[in-house]
Amino acid sequence: LDDAIASYLFNAQLVTLPDATTALVLPGEARATPAVWGWLERHVAGNGPIRQLEVVDVRESMANGGGPACLRLRVVLTATERAAVNAGSWISEDRYATLVDWVKQHYRDRLVLADLADPQLLDESRIALDRLTQILGIGSVYDFQR
């Protein structure tokens, strides 16, 4: 169990491949943990449903606070599905720069317990959320925006 936890095995994601077989997408730590990797190789060699192991290096994501759970966030879309997604949801260099500016403008550099009693914090948060929904083009989603 300790090896499974240390290898982030529980953050792996099962995916169905185009040929209808199943692959397990894993963080690199799974391959780096001998007991876990050996178990996985034995499982794939057996008669189980998982036919393939795909290792992904997510160390940079983990260093930035994302963690190996980010493996679960990727969804492959068809062209039609992609066209149906709100255009404001896609990242671009311009949108990235806009979001960085949004963070710089709206995030406090520190928060202390007394700030939680300050009504200004609520106002700041609402202004920030309102601006974010505008940037993303998702319209009014919060009650205070109506």
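Biologist: Is A20 buried or exposed?
Modeller: A20 has 59% relative accessibility, so it counts as exposed; the label needs over 50%, while buried means under 20% and partly exposed lies in between, with a 1.4 Å probe and protein chains only. This is a predicted model, where local features need pLDDT of at least 70, side-chain atom pairs count only at pLDDT 80 or more, and totals for chains, interfaces and linings use all residues. Residues are numbered from 1 along each chain as its sequence is written, and side-chain values use heavy atoms, with hydrogens and water left out.

Biologist: Thanks. Where does A20 sit?
Modeller: A20 lies in the loop between strand 1 and strand 2. Helices (H or I, at least four residues) and strands (E, at least two) are DSSP runs, numbered from the N terminus. The phi of A20 is near 75°, a positive value in a residue other than glycine.

Biologist: And what about the phi of Y8?
Modeller: Y8 has a positive phi of about 60° and is not a glycine either. Y8 is in the loop between helix 1 and strand 1, and at 29% relative accessibility Y8 counts as partly exposed.

Biologist: On to the sheet. What is the strand order?
Modeller: The order is 1-2-3, in an open sheet of three strands with mixed pairing. Two strands pair if DSSP finds at least two bridges between them.

Biologist: Which strands are at the edges?
Modeller: Strand 1 (13–16) and strand 3 (50–56) are, each with a single partner strand, so one side of each has no neighbour in the sheet. The twist averages 30° from one strand to the next; axes are lines fitted to C-alpha atoms, for helices over the stretch in contact, and angles run from 0 to 180 degrees between N-to-C directions.

Biologist: How many bridges join strand 1 to strand 2?
Modeller: Four, and the two strands run antiparallel. In strand 2, L24 is the bridge partner of L14.

Biologist: Which helix packs on the sheet?
Modeller: Helix 3 (residues 34–45) does, touching strand 2 and strand 3, and its direction makes about 145° with that of strand 3. Contact means heavy atoms within 4.5 Å.

Biologist: New topic: what does D130 touch?
Modeller: Leaving aside neighbours within four places in sequence, D130 is in contact with F144 and Q145. D130 belongs to helix 7 (residues 119–136), and its C-alpha is 7.0 Å from that of Q145, 15 residues away in sequence.
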